[in-house]
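Have your viewer open as you read.

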Amino acid sequence: MDDVIGLIVILSLVVVAGSIAGLIALTKVSTLKQEVAALKKQLHAVIANNASQQQTQPHSVAKTVQSQVARPIELARSQHAKAVEQRAAAIKQTTPAATTSREKSSSPSALDSFFSKLKTQFQEHWMTWIGGVALAFGGIFLAKYSLDAGLLSPSLRLTFGGLFGVALIAGAEYLHRKGIVFEGFNNYVPAALAGGGFISCFALTLLAYSSYAMLSATTAFVMLAVIALAASSMALRLGPLLAVLGIVGAYSVPIWVNTGSGNLVALLMYIGFVTLSAVLVAKKVKRPWLWYLLWAGHIGWYWLALSVIKPTQYWLVGGFALLSIIGLIAMMRLGVTLRLLEYRPHSLPRLLKLQPDHPLLLAIVVPLLLTILISVASVQWQIVMVCLIVMLLFLVLQNSRWDLWQGLALLSAVLLVVSQQAYHIDSNDHLFVFKNMYGFGLLLGIGLCLYGLYFGARYYKRLSFHLLAAFSVFTLIATLYTLTPAQDLAVAYSLWTVLLLLSSGVLIKRAQHAHTQWQQFSYWLGANANITLSLTMLLADSGLTLALAIQVLAISYLVKRHKVPMPHWPIKALVAVVLARLTFAPWTYDADLTFLALHWSIVVYPVAVGLFWFAAKQWQQTDMKIWLEGAALHCLALFITTETSYQLVGHYPQLSSLSFYEQILLSCNWLALGCVYLYRAQSAGQLGKLYRTAGLTLSALAGLLLINIALHENPLLMRLYVGEIPLFNWLLLTWLVPSMLTLWLAKLVKPLNAKFSQIVLGASGLLAVLAINALIRQYWQGAFISLDKATSDAELYSYSIIWLLLGALVVIAGHLKQQLLLQKVGLGMLGAVIVKVFLIDMASLTGLLRAVSFIGLGLSLVGLSWLFQKLRSKAPAG
């Protein structure tokens, strides 16, 4: 009884919707009445103003008034009836340009159009629909009343109710055959009567099954299915209202009646039969929203079957999925005979916008592929996957709008190989490359390649065939290469390399006889990809990185040579992959990895720099040139970072335990890399913000390391070995190189923040002071320069002489460049030297030495003053 009540609630919603539509119609009628009243007032005013003319010419005036009254009334009566026709005429008269602009600005969605049409139907035929529903409720309530009152036996009650439903259906058939109301699919009165009759029969059958237990589950299931299918069949003549009842009723039968057998075969056979009937009804009735109903019902039951599938039922659900593609998509476009629709080429945007074919295909194929991946490997799944690939390739030949399905076929082939990886390899069997997933992979790759080559030559303007031919062998062998254990790769290398090289030769030959630039480019690209993969399998980690970098150069060369208008994003993505591998290589590769008998980083990074640089030369006056130049600079910075650390320290930095020397190298490397990123940000376009963030972050980390060195790892404060060779020692990297890099950093950050640039410039000067003093002390003290060691007079004098010369050079440079800041800095340095000389250097001198020292200092200052005046006089005025 609960099922019947639920059905009554659903139908009540229909009544409520009809009531709302009726209110809308009544509102429109009242509006029309108000308009007619206003028009009458205007007519009375016209009559009052022309009273004299009415007396002299009564006949003409009466005729005029009659026409004026009749015209607005006639317009008011026909306004609602012609609303739909006026909208259709306006759409037909719209020019293509106006239609395009309207679609771009405010085109209504399919859902809005559906609800708009549904609203219009309710407004025009709501009384008829509610009448049919009321008849259905009458039959249901009559059965319920007879049940509650106990007037008749259950058999008689159900019999009379069934006769009432059958009478309604017979009456509907009689009215339709006589054509009493309207013709064709606008005959809503017979449809409403038939709908009430079928609902009554549906409810009474449920009542006999659930309340009286007079029917078995199987009998009730068959009866309900027959009622629903009969309603769908009758909808071919009576219209879409009955089709909705039939389709919804037919798909809901398994919900109302559960036989308890768990027979998935019977369920899917029933759903397939219902779908076939619904497809025929929808094609005959020609209402788009009926397709939505049958798609939802069919795919919903298909998903449910996938969720409860058992290993013995793989073939059943797989076959149902394939038949679903044929029934829901192929037959809808191509007809029952799957005839050829079109073969002309289409652009990529047009291929992507095909609705509803692509969403329906994905709704069927994607859950199937996911189920196959998570299920146990089975021969049944292999057969289903092969049939799916063959069917997709066949449908592509029937309709060129489905060309993108070749990519789905290639993906299915890859997943077929991946799903078979559970099979174990016998290392002693060298023929394993022809068995199980290896045999599948090779056969699929070669088969797809031949398919693309043959039909690419036949339909040379359809690019998808060329892409499939170019990348099928590469994709499948790359998949096998990824899944094969390292110890078994040596056996497969030779075969795979031969196949890749042969495929490359065929593609290059086809490229020489190509009809279009895109066809030629696709074959060249596929040939390069095969060669790259063959090199990758032989060269391991660093070889793969270089092979990808070579691919960037090869693609750039082919684009320039053949002038192919290729989009930049695929090359940028490939460059990003190479840069990611090079960036993380020091911490992912084996530290002892060699390449060409040398440590890998000393070879790979310079070669990558050269490849990117030459690739950039192929993209003159494009943003791709700037992108590749930035990649080359990034590789150069990585080379400096990694190789110096490895050569001087012996290993790559371990951030958890950095020694004094590692901190020195890492601070220089991070600071250099940060400056490179900031320099790259100036021409990186949309990626400029990312580069600036990375550059500032690395510079900040380098600054933290320099502060830690100055406070805790300072060779002036503690006993640390800095080297015995003057100038070329660890002090050069400790402070002098960071000072120069910080000077560059100040210039790079000046456009971002002028105040911050001044702070960085001050830090550069401080590092320079530390570097010069430390280098002077190392010259006199040797490998250890801590301040607790005694300082000789010669060392003190050397500080004064060197800083005096540096201060003079800075002042001269300031005058030559007319920069007041440099002049002030130089004069400050000279003042500091003079103070040091008086307070420290000459403090212990006496007699003749003191006199000579003061005379020498005075002559030096006089000479510098004369030089400054000379330079000032030669400087241009202003």
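The points below start with the chain as a whole and then go region by region.

This is a predicted model. The chain holds 31 helices and two strands, and 44% of its 878 residues count as buried. Among contacts in the chain with a separation of 6 or more, 70% are between residues 24 or more positions apart.

**Helix H25 and its two partners**

- Two packed helices are described by the angle between their axes and the distance between the axes.
- Helix H25 covers residues 660-681 and helix H26 covers residues 688-711; the axes of this pair are 7 Å apart, at an angle of about 155°.
- An angle over 145 degrees counts as roughly antiparallel, and H25 and H26 are therefore roughly antiparallel to each other.
- H25 passes H26 in a left-handed crossing, and the residues of this contact divide into 18 nonpolar, seven polar and two charged.
- With H27, helix H25 packs at an angle of about 20°, and the axes are 9 Å apart.
- Angles under 35 degrees count as roughly parallel, so H25 and H27 are roughly parallel to each other.
- The crossing of H25 and H27 is also a left-handed one.
- On the H25 side, the residues that meet H27 include Phe-660, Ile-664, Leu-671 and Tyr-679; on the H27 side they include Trp-730, Val-737, Leu-741 and Val-749.
- The contact of H25 with H27 is made up of 20 nonpolar residues, two polar and no charged.

**Asn-669 within H25**

- Asn-669 is found in helix H25, and its relative accessible area of 3% makes it buried.
- Beyond its neighbours within four places in sequence, Asn-669 is in contact with Ile-640, Thr-641 and Thr-644.

**Helices H16 and H17**

- Helix H16 (residues 379-398) and helix H17 (residues 405-419) have axes that come within 9 Å and cross at roughly 165°.
- H16 and H17 are therefore roughly antiparallel to each other, and their crossing is left-handed.
- H16 contributes residues including Gln-382, Met-385, Ile-389 and Val-396 to the contact, while H17 contributes residues including Trp-405, Ser-412, Leu-415 and Leu-416.
- The residues of the contact of H16 with H17 divide into 14 nonpolar, three polar and no charged.

**Met-385 within H16**

- Met-385 is found in helix H16 and counts as buried at 1% relative accessibility.
- Setting aside neighbours within four places in sequence, Met-385 is in contact with Leu-369, Ile-372, Ser-412, Leu-415 and Leu-416.
- The C-alpha atoms of Met-385 and Leu-368 are separated by 9.4 Å, and the two residues are 17 residues apart along the chain.

- Gln-355 and Pro-356 are joined by a cis peptide bond, with omega of about 0°.
- Pro-356 is found in the loop between helix H14 (348-352) and helix H15 (357-374).
- Asp-357 is found in helix H15 and is buried, with a relative accessible area of 0%.
- What joins the side chains of Asp-357 and Trp-402? A polar contact of 2.9 Å does.
- Not counting residues up to four places away in sequence, Asp-357 touches Ile-329, Met-332, Arg-333, Trp-402 and Trp-405.

**Two leucines with positive phi**

- Most residues other than glycine have a negative phi, and most peptide bonds are trans.
- Leu-338 has a positive phi of about 55° although it is not a glycine, and this residue lies in the loop between helix H13 (314-334) and H14.
- Leu-727 has a positive phi of about 70°, again without being a glycine, and is found in the loop between H26 and helix H27 (730-749).
- Is each of these leucines buried or partly exposed? Leu-338 is buried, with a relative accessible area of 17%, whereas Leu-727 counts as partly exposed at 41% relative accessibility.

Technical notes
Residues numbered from 1 in each chain as written. Predicted model: local features only at pLDDT ≥ 70, side-chain atom pairs only at ≥ 80, totals over all residues. Heavy atoms only, no water. Axes fitted to C-alpha atoms, helices over the stretch in contact; angles between N-to-C directions. Helix = DSSP H or I, 4+ residues; strand = E, 2+ residues; numbered from the N terminus. Parallel < 35°, antiparallel > 145°, perpendicular 65-115°, else oblique. Left-handed = near helix turned anticlockwise from the far one by under 90°. Nonpolar A, V, L, I, M, F, W, Y, C, P; charged D, E, K, R; others polar. Buried < 20%, exposed > 50% of the residue type's maximum accessible area, 1.4 Å probe, protein only. Polar contact = N/O pair within 3.5 Å; in protein donor to acceptor, adjacent residues only side chain to side chain. Contact = heavy atoms within 4.5 Å.
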